[in-house]
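Please keep the structure open beside you as you read.

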Amino acid sequence: LELEIVSQRMAEIDETIRDLEAKAIHVGHKRDNLQVDIFNRQHEKVEGKWRRIANARGATSDECETLSELAKDLSAIQNRILAETERLKETKSSGVPCLGGTLVFVDLAGSEHAGNATDGIQKTEQEQQECRQINLSLSALKGCFRALANGTRSMSCYRQSKLTLVLRDHLRCNESKTLMVTTISPSVEHTNKTIHTMQYAQIVAEC
């Protein structure tokens, strides 16, 4: 679960930026299509290479006027996006320090369906697959924590699972903070699981 901390004003500015970006894409698409139509009318492909057609009709005055208008519209939209983006930065800096930050909750579920052969738990093929995927993600995340603890800046460890790819930017950010809440049990039956959980948490504490 990923939550961005924003104010009402920030949300409104962000919505304005998204609307402007959508307009920029629409205008840019119209411009590109017209330019491609003109190019295809003036060229032909011969043996994999484009060659200009002799006496090909160039862009009409209406097409040139349309391209000019689209270019002006696109430039105006992009300038508005820059202005709104700057206004968003000013709004963030003028508010409380947490504005613009992101709060990420990750449930490291553990292998709920792992079980031992002697515990009487019958696992379906789907449950076994879920167990393997969970363990893969936990192992990859542990590798990322170890890399951070050792001061390694390599990106390769984050490519091992979808979970680590999603968390990559958050874990590598110098301004971010990671907090892990572990669940352990005083029961003797859960000694091994408790030890493994505490060892995992210790790695996080060293980051």
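The points below take up a hairpin first and then some helices.

1. A word on the ground rules: this is a predicted model, in which local features need pLDDT of at least 70 and side-chain atom pairs count only at pLDDT 80 or more, while totals for chains, interfaces and linings use all residues. Residues are numbered from 1 along each chain as its sequence is written, and side-chain values use heavy atoms, with hydrogens and water left out.

2. Let's begin with the hairpin. Strand 2 (residues 43-46) pairs with strand 3 (residues 49-52) in the antiparallel sense, over 4 bridges. Strands here are DSSP runs of E, at least two residues, and helices are runs of H or I, at least four, numbered from the N terminus; two strands pair if DSSP finds at least two bridges between them. Val46 stands opposite Lys49 in strand 3. There are 2 residues between the strands, and Glu47 takes a positive phi near 50°.

3. Next, helix 5 (residues 191-205). Its end C-alpha atoms are 21 Å apart, which agrees with the 21 Å that 15 residues should span at 1.5 Å a residue (the expected span is 1.5 Å times one less than the number of residues). Thr194, Tyr200, Ile203 and Val204 are its buried residues, meaning under 20% relative accessible area with a 1.4 Å probe, protein chains only. These buried residues pack against helix 3 (125-149).

Conventions
Buried < 20%, exposed > 50% of the residue type's maximum accessible area, 1.4 Å probe, protein only. Contact = heavy atoms within 4.5 Å.
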